[in-house]
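Please look over the structure shown here before reading on. The briefing below is meant for someone meeting it for the first time.

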Amino acid sequence: MTATAFFQDVNFINAAYLVAFSMFILGLAQLTSPTTAVRGNKLAAWGMFVAVVATLLNPDLDGSEFLLIAIGLIIGTAVGIPSARNVKMTQMPQMVALFNGVGGGAVAFIAWAEFRELGGDLSSNLDVGVPLVFAAIIGSISFWGSNIAFGKLQGLISGSPVKIPAGLFVNMGLLGTAIAAGVAILLGAKNEGLFILILVAAAILGNLAVLPIGGADMPVVISTLNAFTGLSAAAAGIALDNYALIVAGMIVGASGTILTDQMAKAMNRSIGSVLLGGFGGEAPAVEGGGGGETGGTVRSTSAADVAILLAYARQVVVVPGYGMAVAQAQHAVRELAKALEKKNIEVKYAIHPVAGRMPGHMNVLLAEADVPYDQLKEMDDINPEFGRTDVSLVIGANDVTNPDARMKADSPIYGMPILNVDESSSVIVLKRSMASGFAGIENPLFYNSKTQMLFGDAKSSVAEITSELGQL
Amino acid sequence: METHSAFLLAAAETAEKAVSPLLTELAVLVLAAFVGFQVISKVPNTLHTPLMSGTNAIHGIVLLGGLLAIAHADGFLNKLIIVIAIAFGTINVVGGFLVTDRMLSMFKRKPDPVPEEPES
């Protein structure tokens, strides 16, 4: 056996895949700790490099194909690097959605090309045919669903739930259409029109399934679609007899499902209820009932007053939310914290698992502003601390502080674990207006006698407090 | 030596035929699912966004599907579709890992005043 033959041998390629899998798995394992996460991600990336190089050794490839491959790789790199480099930290979630979408799109395209290569004959080899149809349906749903999720988070499409009449029936009809077309092909119909029908029906389904879901639930949607793309990649792997696709795709499919479940749990939502309808859809009825009871007076305050309050505090807990992300206020917050620390005031950050648009969103933003990692406290660690906290500074967070989740059984967010800011001696809420949060419900915290509201853009408000503090 | 390895290869092929390749693939699929469940269930909330982004990058492995499919692609349209698929897969991989790296680099601890590892 010559050296070339050795490297091009399917066993060598599979052995290289085995190395790649180990790197993926170890990489993911290292991603579970902040101290090793950077290394873990790099390890997984190198694993991908190994898998790609091993695949390029495939003896079926010859010179002419390498040119096409190079074109694809160069275009992909030329688009991927700048978009990943230039995206703002606040836009990370939609960037993930977009990258997820193109992955799904790639699967759908590969399935389509394979169908054409087989001359439309999927019936004589169902081992290939069934996974191809599956990959086409899921890949197309994932591509379009992710694009809608991107559009919603980016503000291109309204973030509020869009009601589609008889949505569930329409969606089931679309799924049924895609499956029926797939079955017809698997039974021997060599019709490309039918295959395109699969892709189109799944595409419309992807659009209609995500459109009715409110912006607050988007992380769960993206995570679901992430798992979907993984599954479709695994299916494509079975069709193409490629273990790398099967293993890596399935690991993502499994991990995405776990992640989705954890996110949904943190929001006290089931995956089913997220995917079947928007938060906002049911909220107005509740709001009407709740508004009357909670409708107390709202006290508004000034930056100078807040500065005085803070100056005499011993412990201050900052509760960041999406409003801080939108206002890009994280650096201003860090400056304020530094000023407080100079006065020997202890500053901690309370991170709700679903604050912002994705779990960990706030951590990423605050870390960008050089907030020490150990000051970021998770909900279970910080909740007992509120009792001995002098001031809670709620910056652009709303639903995650809503006491209704604890006390009001008919609230749509009842049972969701929240940050008990109302247990601290006083609460300052920085907010642009009295508009409700993404759940579209009233927050009685704002009417609490301990609470004072500081209206305005979070970034300038925080900066103002800092400068007032300096003058004390 | 040549005949020996040829014999081994033939034997391996027969062995492979004895077990349906689909069944082997499904077995691998199921095991991979268990690995995925195990690895992920230990991640703290804090790292969920980077983790989602990281797993997202890993399913960019579909890129390999494009590399395999292009080997037997005929005709302009088929090749075009696959080149698009390769480009999409590459965006997924390159963008995914880079974005994850950017997120994670923000978690890097500032150099501690006391070194964690004792210097000897």
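The notes that follow cover the chain contact, the domains, the helix packing and the sheet.

This is a predicted model, in which local features need pLDDT of at least 70 and side-chain atom pairs count only at pLDDT 80 or more, while totals for chains, interfaces and linings use all residues. Residues are numbered from 1 along each chain as its sequence is written, and chains are lettered from A and ligands numbered from 1 in the order in which they are written.

**Contact between the chains**

- In chain A, 94 residues are in contact with 76 residues of chain B, two residues being in contact if their C-beta atoms, placed from the backbone, lie within 7 Å.
- On the side of chain A that touches chain B, H5(A) gives the largest share, 17 residues; helices (H or I, at least four residues) and strands (E, at least two) are DSSP runs, numbered from the N terminus.
- The residues of that side divide into 60 nonpolar, 24 polar and 10 charged, where Ala, Val, Leu, Ile, Met, Phe, Trp, Tyr, Cys and Pro count as nonpolar, Asp, Glu, Lys and Arg as charged, and the others, Gly among them, as polar.

**Domains of chain A**

- The assignment gives domain 1 (1-83), domain 2 (92-277) and domain 3 (296-470), with bounds that come from an automatic or database domain assignment.
- Between the C-alpha centres of domain 2 and domain 3 of chain A there are 37 Å.

**Helix packing**

- The axes of H6(A) (residues 126-154) and H9(A) come within 8 Å and cross at roughly 155°; axes are lines fitted to C-alpha atoms, for helices over the stretch in contact, and angles run from 0 to 180 degrees between N-to-C directions.
- H6(A) and H9(A) are therefore roughly antiparallel to each other, a term for angles over 145 degrees.
- In chain B, H3(B) (residues 48-58) and H5(B) (residues 76-105) pack at an angle of about 160° with their axes 8 Å apart, which makes H3(B) roughly antiparallel to H5(B).
- The contact of H3(B) with H5(B) has seven nonpolar, seven polar and no charged residues.

**The sheet of chain A**

- An open sheet of six strands has the order S3-S2-S1-S4-S5-S6, with parallel pairing; two strands pair if DSSP finds at least two bridges between them.
- Its edge strands, S3 (376-378) and S6 (451-455) of chain A, each pair on one side only.
- Strands S1 (residues 315-320) and S4 (residues 391-395) of chain A run parallel and are joined by five bridges, and Val319(A) stands opposite Val394(A) in S4(A).

Key. Angles under 35 degrees count as roughly parallel, over 145 as roughly antiparallel, 65 to 115 as roughly perpendicular and the rest as oblique.
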